[in-house]
Amino acid sequence: MDDFDNIKQNWKEQPIPKPSKASFKGVKDKIGQVARKQKIANVVLLSTVVVLVAFFFYIKAMEHQSVALALGAMIVVLLVRVLVEFFSLRTLKNLSMTLDIESFKARLIGYYRKRVGVHTILTPLLILVYCFAFWTLLPDFKESLSKGFYNYIIVSSLVLLVVLGGFIFVQVRKEMETLKELQSP
């Protein structure tokens, strides 16, 4: 056996470092932060649903099929997103803290992989549907609202879309960093 083989053998025999209790506590703290943010997001989304439902009945949307479909689609999209966050939060809460550190870490990695999938596939799809539904409402807004208010709606919706896109980008980036952190030895 030459020196290279000895070094290679010694490398393979090194003990694999296990996560410490301190890092486990750090992970538990992060889980608490994630859960709080998800609850806040759900409150914001549900508030938006309430506003849209009130608007739906205020303008008597059921009398105009295209408006009813567009507002209904916007409401459904938000409700889908709320349900996704609700089940995600429930999954996070059901991660058993009594598991050994390795098993807990493996389940947490699985959780974050699903979250990244939600943020990169489902959320953009829901945003597209929401935007399309909103876009179909614009001719009705233009016809029934003042020019100034119509322009305000256009500009504010674009600003909101950019802010929302930035928020999603930051959220995906944070969860990707957390996933990388969890996967590192």
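**Before you start**

This is a predicted model, in which local features need pLDDT of at least 70 and side-chain atom pairs count only at pLDDT 80 or more, while totals for chains, interfaces and linings use all residues. Residues are numbered from 1 along each chain as its sequence is written, and side-chain values use heavy atoms, with hydrogens and water left out.

**Stop 1**

Select Ile7, which is found in helix H1, residues 3–13; helices (H or I, at least four residues) and strands (E, at least two) are DSSP runs, numbered from the N terminus. Ile7 counts as exposed because its relative accessibility is 58%, where buried means under 20% relative accessible area, exposed over 50%, and partly exposed in between, with a 1.4 Å probe and protein chains only.

**Stop 1: the cavity**

Rolling a probe the size of a water molecule over the atoms shows where empty space is left. On a 1 Å grid over the protein atoms alone, a cavity is a set of points where a 1.4 Å probe fits but cannot get out, and lining residues have an atom within 4 Å of a point. Grid points are joined across faces, edges and corners, and a volume is the space filled by probe spheres set on the points.

The structure holds 1 cavity of 30 Å³ or more, and about 40 Å³ of space lies in the largest cavity. To find the place, select its lining, which consists of Val27, Lys30, Ile31, Leu108, Tyr112, Thr178, Glu181 and Leu182. By residue class, the lining divides into 5 nonpolar, 1 polar and 2 charged; Ala, Val, Leu, Ile, Met, Phe, Trp, Tyr, Cys and Pro count as nonpolar, Asp, Glu, Lys and Arg as charged, and the others, Gly among them, as polar.

**Stop 3**

Select Phe56 in helix H2, which is buried because its relative accessible area is 15%. Not counting residues up to four places away in sequence, Phe56 touches Ala61, Met62, Ala68 and Leu71, where contact means heavy atoms within 4.5 Å. Gly72 is 16 residues from Phe56 along the chain, and their C-alpha atoms are separated by 8.3 Å.

Next select Lys60, in the loop between H2 and helix H3 (65–93), which is partly exposed with a relative accessible area of 45%. Most residues other than glycine have a negative phi, yet Lys60, which is not a glycine, has a positive phi of about 55 degrees.

**Stop 2: H4 against H5**

Show H4 and H5 together: they pack at an angle of about 170 degrees, with their axes 9 Å apart. Axes are lines fitted to C-alpha atoms, for helices over the stretch in contact, and angles run from 0 to 180 degrees between N-to-C directions. H4 and H5 are therefore roughly antiparallel to each other, a description used for angles over 145 degrees. The residues of their contact divide into 19 nonpolar, 7 polar and 5 charged.

Within helix H4, select Thr123, which counts as buried at 5% relative accessibility. Leaving aside neighbours within four places in sequence, Thr123 is in contact with Arg81, Val118 and Ile168.

In helix H5, select Tyr150, which is buried with a relative accessible area of 14%. Apart from residues up to four places away in sequence, Tyr150 touches Leu138, Phe141 and Lys142.

Finish with Gln183, also in helix H5, which counts as partly exposed at 39% relative accessibility. With residues up to four places away in sequence not counted, Gln183 touches Lys105, Ile109 and Arg113.

Conventions
On a 1 Å grid over the protein atoms alone, a cavity is a set of points where a 1.4 Å probe fits but cannot get out, and a pocket is an open set with protein on both sides within 12 Å along at least five of seven lines; lining residues have an atom within 4 Å of a point. Angles under 35 degrees count as roughly parallel, over 145 as roughly antiparallel, 65 to 115 as roughly perpendicular and the rest as oblique.
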